[in-house]
Amino acid sequence: MRDDHDAIAAEVDAWLDEHWRVDRPLVEWRRKLVDGGWAAPDWPKEYFGRGFDAAQTAVVHDVFRRRGAIGAAQQGPAGLAAHTILAHGNDAQKRRYLRPILTGEHTWCQLFSEPGSGSDLAGLTTKAERDGDRYVVNGQKVWNTSAHHAHYGILLARTDWDVPKHQGISYFLIDMRQPGVEVRPLKQMNGHASFNEVFLTDAVVPAEDRLGNEGEGWRIANTTLSAERQGFARDRSGGAVQHLEGPIYDEYRAELAIALEPYTWYPQRTGRVDLALPRARETGALGDPHVRQELARLLCLKRAADLAAARAAEQRRTGSNEVIPAGSIGKLTASLIARQAAHVHTLISGCDAMLAGPDAPMDGLIAEILLSVPAISIAGGTDEIQKNIISERVLGLPREPRFDDGPFRNVPRNVK
Amino acid sequence: MDTTWTPDQLQFRETVARFLEAKSPTGVVRKLMESSTGYDPAVWAQLSGELGLTGTHLPERYGGYGFGPVELGIICEAMGRHLYCGPYFASAVMAGYALLGAAEPHRERLIPGIASGETIAALVLDDLGDPDRVGRSIRAADGNGSSRLTGTARIVVDAQVAHLLVVAASDGDRVALYAVDPAAAGVTITPVQSIDATRKLSRVTFANAPAERLGDDPVDLDALWDRLAVALAHEMIGGAQRLFDGTVEYLKIRVQFGRPIGSFQALKHRCADLLTELELAKAATYAAAQQLATGEGDPFAPNMAKAMASEAYMEIAKQAIQLRGGIGFTWEDDTHLWFKRAKSSEVFLGTPAWHRERMIQKLEAEHA
C-alpha cells in the first residue's frame, strides 16, 4: 500500500515537473490536467479519472498542495452537478458536461427550492411539459447561489401531476443562458444578496438533457442532497495558494473570489462565539453579573456541543455498541449556540447594538452577527424539520398524519 | 479528549446497572423513603462487599480499588437512574473524597472502613451551596491533642446512619477537617424533613463536642467541591436519562384524539429539545470526569457539568410531569420520585448560577 502511494506521488511529481507552469492561462492548464488524468483521480477511468480510492486521491492532492499546483475547478454547485451526473448520467451527458466543470469553463447552479415548497421540497410545482424532442419549463425557483453567473443549472421540475408527489418529478440539466431564464438577486435581511430567484418562462430543455427517466427526479435529487451534506460542494483543488505569485494564481484567486463571494457573512450566522469573552473583557461588560451568567451559558453550550460531536465521532470510529444520538443534535445545538451568542453580543454592546456600519461595534461586525443569526436555524433544513427527524428516527415517535398522498393534482397547495 | 468507555468500563457499567435494577425498583425506593434509616443494610453489604462499589474510586493503599472519577461516575449514573437509597454518596463519595485531604496516619486509619463499607461516614459541611462559606458556623477550639467543635450544619446527608462524622470546621484562621464520633456528648443529630425522601437529611449540632483534628493543613474545599460536583452530575444525568426514556415511551402508548400523543409535533419537538439538552449535559459530565482523572481539559469542566446536568435534569423532570398530564401529578405515578431528586440535586453543592459564576472566575484567573 505504502509502495503504491509512493509510486503515485512520484508519478504526479514527474508529471508536474513536465507540465506545471505559473505563466499558463488557467483554463489551458486545467485542460492539460484533465488530459493528463490528474483532474479528478477518484473518478472512473472512462470519464477523466483513474478510479483511485480516497487514500490514493489524497496522495495526489497532497503533492499538488506541496507543489502549489492548482487543481481542477469544481467549486460549489458545479461539484454537486458533477457528482450527480457521474452517478446518474448517460455516456453522452458525462462526455459533454463533466469536462468543462473540471476546467472551470462552466459554472453551475442548483434549481431545487421554490417559494411554495421550502421544507417540503417534493411539493414543487415548476412544470416541465414534453413538446416533441424538448421540454418547456415554467415556474419559479429560489435560493439559487451563483445563478447570476452560472452556465447551467441542475433543475427539478414536475412532469406528471397524476401520480403521488415524489413520483412525478424529473431531473434536468438546463442551459441558463437562454431567453426563458431570468435571474434576479435576492436580498436578505442582513443586506447581503448571496442568492437569487430564477424565473422560468417557457424555458427550453432538450429531451436529451433529462437526467435519468421521467419520474426518477426525486431519487436522483437525493444523490445531490446527500453530496451536499457530505460537503462535495467545497473546493477540491486543495492548493493553499493565497500567497503564491504568478499569473495563474491571480486568475485562480479571482475565480475563487467570485465563487466565495456569497459566503462572506457565513461565519457571522454562527454567532461568532470566539468574540464573546474577549469583547466582554475589553468593554468591561465582564463585570456585570448578568453578562457573566449569560456568557457562561454560551461557553457551556459551545464547549459541550464540541465535546458531544467529538464523542459521537469517536463512537463511529470505534464502532462501539453504545448508540450516541449526539451526531443528530449537531444542527439544533448550532442554532442554540448562535442565538445565545447573539443574546450575549447584545448584552455586551448595550445601546451600541442599535448601530450598524462603521460607527457600530467592531465596524459593524457585531450588527452583522445580530442580523445573520436568524439564518442558521433555517438554512440547510429548518430546526423544525430536524426535530421531526430526531423524534421519529432517534426516538421512534410516530409521524403526524399526512394529507399529501394520492395524485399530486389533488394535494392542497399554496395559493399563488 | 476521548470520553468514550473502554470495554472493561462498559462491562462494569453493565454489572452495576443489573445490580441496581434488581435491588432498587421503585417499590423498594418507596419503602425506603418511608423508613427512618433510608437504606437496606443487606443491599449495602452486597454493593460494598461483593461489588466493591464503596472502594472503587479510593486508592488501593487504603483498601480501595484505585479506579478514578470515570468509574465512580459510572456508579453514580446508575444510582441516579435507579434512585438508589443509601449512604453511598454521603459516605463513599463525600466523606471518602474529603478524607483523601486528611494527613497520615488519619487516612490510613479512617479510609479503609469507608472503602469496605463497614464504616458509614457523613461529611458535615455547614454550607452545601458554596465552598467559600464553609466554616462560618462550625468553629473548632484546638487544645493539645484534642479539639472541641461548636456550631451547626443545617443540612447533612445521611448523618442519621453515620458511624463517623467528618467535619469541616474553622479554627479561626482556616478550615480544617475533624473526625467526630456521632455518639459523643455534645453531638445532636436531628432528622429534618426533605423534599426528596430518597436522600435523608439531618441537622447536626455540636456543643463543645470532642473532635480529632485530621491534619494541620487546611482542607482544599475547591478541589473537593469539583470532585463531588462531578459525581453528583453523573447521578443527575442518570436520573434524567431514565425520566426522558420513560416519557418518550409513554408518548408512544398514550392515545388521545384517536392517535398516540407522541405523533403531535408540539410534543415531538419538545422531546427533541430535551434530548439535545440531555446529550449536551452528558457530554459535559463525561468530559468533567476525564478532566478530573487526567488533569487535562478545561479547569471549569466540573462547573460546566454540574450547571448543565442540573438544568437538564430539572427541565426533563418538569416536562416528564407535564407530558404525562394529570397522572404525572399523582403520588401513585413514579415521576415525582425523580422530580424531587432533580429539585434537591439542582441546589445541592451549588446552584447552576453559582457554578457559572465560578466558571467565569476560573477563566479570568487563566487570563490574568
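This is a predicted model: local features need pLDDT of at least 70, side-chain atom pairs count only at pLDDT 80 or more; totals for chains, interfaces and linings use all residues.
Local features require pLDDT of at least 70 and side-chain atom pairs count only at pLDDT 80 or more, while totals for chains, interfaces and linings use all residues. Residues are numbered from 1 along each chain as its sequence is written, and chains are lettered from A, and ligands numbered from 1, in the order in which they are written.

The interface comes first. In total, 32 residues of chain B are in contact with 34 residues of chain A (contact: C-beta atoms, placed from the backbone, within 7 Å). On the chain B side, two or more residues each come from α7 (221-253), α8 (265-294), α9 (301-324) and α11 (352-367) of chain B. Helices here are DSSP runs of H or I with at least four residues, strands are runs of E with at least two, and both are numbered from the N terminus. α8(B) gives the largest share, 13 residues. By class, this side of chain B holds 18 nonpolar, seven polar and seven charged residues. Ala, Val, Leu, Ile, Met, Phe, Trp, Tyr, Cys and Pro count as nonpolar; Asp, Glu, Lys and Arg count as charged; the others, Gly among them, count as polar.

Ile390(A) has contacts in both chains. This residue lies in helix α13 (residues 383-394) of chain A. Ile390(A) counts as buried because it has 23 C-beta neighbours inside 10 Å. The cut-off for buried is 20 or more other C-beta atoms within 10 Å; exposed means 12 or fewer, and partly exposed lies in between, with C-beta atoms placed from the backbone. Beyond its neighbours within four places in sequence, Ile390(A) touches Ser328(A), Ile329(A), Leu395(A), Ala272(B) and Leu275(B). Its C-alpha atom is 39 Å from that of Glu255(A), 135 residues away along the chain.

Helix packing was examined within chain A. Helix α9 (residues 276-283) of chain A packs with helix α11 (residues 330-349) of chain A at an angle of about 10 degrees, and their axes are 10 Å apart. Axes are lines fitted to C-alpha atoms, for helices over the stretch in contact, and angles run from 0 to 180 degrees between N-to-C directions. α9(A) and α11(A) are therefore roughly parallel (under 35 degrees; over 145 is roughly antiparallel, 65 to 115 roughly perpendicular, the rest oblique). α9(A) contributes Ala276(A), Arg279(A), Ala280(A) and Thr283(A), and α11(A) contributes Ala341(A), Val344(A), His345(A) and Ile348(A). The contact has five nonpolar, two polar and one charged residues.

In chain B, helix α6 (residues 106-116) has Leu110(B), Ile111(B), Ile114(B) and Ala115(B) buried. They lie on the same side of α6(B), because they cover an arc of only 135 degrees around the axis (the arc of the directions from the helix axis to the C-beta atoms). Their cover includes α5 (88-99), β1 (121-124), β4 (164-170) and β5 (175-180) of chain B. Just after α6(B), Gly117(B) takes a positive phi of about 90 degrees.

Strand pairing requires at least two DSSP bridges. Strand β7 (residues 201-213) of chain B pairs antiparallel with β3 (residues 147-157) of chain B over nine bridges.

Key. Two residues are in contact if their C-beta atoms, placed from the backbone, lie within 7 Å.
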